[in-house]
Amino acid sequence: EEARLIFLGVSHDLGGDETRRLIVDIGGGSTELILGRKATPEQLESLYMGCVSMSLKHFSDGTLSAAAFKRAVDEAQVELAPISRAFTNSGWDQAVGASGTINAVREVLAAMDHTEITAAGLDDIQQQLIDAGHIDNLNLNGLADERKAVFAGGVAILSGIFGALNIRTMTAAQSALREGLIFDLLGRQQEDDARNRTVGSLMARYRIDDTHARQVRETAIALLSQVAMAWQLTSPQHHHAITWAANLHEIGMDISHSGFHKHGSYVLENMDMPGFSRSEQQQLAALVRAHRRKLSKPLFADTDLTVLRLTVLLRLAVLLHRNRSHDPLPHINARAKDNKLTLSIPAEWLAEHPLTAVDLQNEALYLEAVDVHLCVKEH
């Protein structure tokens, strides 16, 4: 997710042309590498090495030796080894660096009359660091004082990246994670929400029945719209959550039809989902886990009343479409007050769907286990 947001920030900074870019961001504890075009990342990796962690490991006493640099660069290349072939085989038109370390390198190289970041330039910086011998003796033009303590670790990582990926030159961008987050939030307001793209790709990847998902989604939203005020579900996030859950409630079927709600919940809680925060992912997993079969209070121990109420609406939407018929449902009136939900359904429709009537009776028993009282009336 961090890599995706960095790519978004840098892409907006450099313009949305067709240039295929490799973007590198060396942070304090992790390094992100992304390949893509425009604002669409194609390959994303986050490696557990950063300028702070590398500096603490290999330059903790402040000594800047050739041996320490070799160990640090070697470690960076070991970390890069599992992903380097995939990146080099894909190729790119332009390599771009973002954030503190790479912009600091650019400033130092500019003071040394280098116009771009190159392997030769990094070698020059390394040699100057080694000649200084200790962090306290560093006096590099263009290097801010607050950057000195972690600069050596960042240079070693960047040198390792240049070597492992055979990078010739790299430019530096001013935008990165912060700007990417801003653009991502703006995109949500302008109907360009990465979370919707993620859900759509998961539906295709896990071969989810689009028609059935749409029917469940529309019914869930119709129920939500009627009880939103009474159950305090008026936030756009509540609408998003039940929409995504309805679209993905059968994601676990691609693993097994038996207990597919459990498989789906595990997948959604643990997979990479671009655009989703951890809390959004956990909420979505909880909704999918509880959308069928028996309920118990421990299922909602780590959630709030909102998730329980959204679960009830999702369960009813799934139940009403359990026969997977493409025929539209009649209008179902829903009213809520505190922990009670009343559904008013045409008597003629219930008579034509006796199994659904039985399902609703069973559902009332399931919901009693979590202190929700379902009442079904005919009209």
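Me: In what sense do strand E4 and E6 pair, and over how many bridges?

Reply: In this predicted model, strand E4 (residues 94–98) and E6 pair in the parallel sense over two bridges. Glycine 97 stands opposite alanine 172 in E6.

Me: Which order do the strands of the open sheet of six follow?

Reply: The order is E3-E2-E1-E4-E6-E5, and the pairing is mixed. One of the pairs joins strand E1 (residues 20–26) to strand E2 (residues 31–37), in the antiparallel sense over seven bridges. Within that pair, valine 24 has leucine 33 of E2 as its bridge partner.

Me: Why are strand E3 (40–47) and strand E5 (117–118) said to stand at the edges?

Reply: Each of E3 and E5 has a single partner strand, so one side of each is without a neighbour in the sheet.

Me: Which helix lies across E1, E2, E5 and strand E6 (169–172)?

Reply: That helix is H6, which runs at about 150° to E1.

Me: Why is H2 called roughly perpendicular to H6?

Reply: The axes of helix H2 (residues 51–58) and helix H6 (residues 148–165) cross at roughly 105° and come within 7 Å. Angles of 65 to 115 degrees count as roughly perpendicular, and therefore H2 is described as roughly perpendicular to H6. H2 contributes Cys51, Val52, Met54 and Ser55 to the contact, while the residues from H6 include Phe151 and Ile157. The residues of this contact divide into eight nonpolar, three polar and no charged.

Me: Which strands form the open sheet of three, and in what order?

Reply: The order is E7-E8-E9, with mixed pairing. Strand E7 (333–337) and strand E9 (373–378) are at the edges because each has a single partner strand. On average, neighbouring strands of this sheet are turned by 15° against each other, direction ignored. E7 and E8 pair in the antiparallel sense over five bridges, and alanine 334 has leucine 343 in E8 as its bridge partner.

Me: Which helices lie across E8?

Reply: Helix H9 (residues 210–227) lies across E7 and E8, at about 45° to E7. Helix H15 (residues 354–368) lies across E8 and E9, at about 160° to E9.

Me: Does threonine 342 count as buried or exposed, and how do you know?

Reply: Threonine 342 belongs to strand E8 (residues 340–345). Buried means under 20% relative accessible area. Threonine 342 has 7% relative accessibility, so it counts as buried. Leaving aside neighbours within four places in sequence, threonine 342 is in contact with Asn333, Ala334, Arg335, Cys375 and Lys377.

Me: Which residues touch the most other members of the largest nonpolar core?

Reply: Of its 58 residues, these are Leu248, Leu268, Leu313, Leu341 and Leu343. Helix H13 (residues 305–320) gives the most to this core, with eleven residues. Not counting residues up to four places away in sequence, leucine 313 touches Leu223, Leu224, Val227, Trp231, Leu233, Ile242 and Leu341. Another core, of 46 residues, lies apart from it, and includes Ala76, Ile102, Leu129 and Val150.

Notes: Residues numbered from 1 in each chain as written. Predicted model: local features only at pLDDT ≥ 70, side-chain atom pairs only at ≥ 80, totals over all residues. Heavy atoms only, no water. Axes fitted to C-alpha atoms, helices over the stretch in contact; angles between N-to-C directions. Helix = DSSP H or I, 4+ residues; strand = E, 2+ residues; numbered from the N terminus. Parallel < 35°, antiparallel > 145°, perpendicular 65-115°, else oblique. Contact = heavy atoms within 4.5 Å. Nonpolar A, V, L, I, M, F, W, Y, C, P; charged D, E, K, R; others polar. Pairing = 2+ DSSP bridges. Core = buried A, V, L, I, M, F, W, Y, C linked by side-chain atoms within 4.5 Å. Buried < 20%, exposed > 50% of the residue type's maximum accessible area, 1.4 Å probe, protein only.
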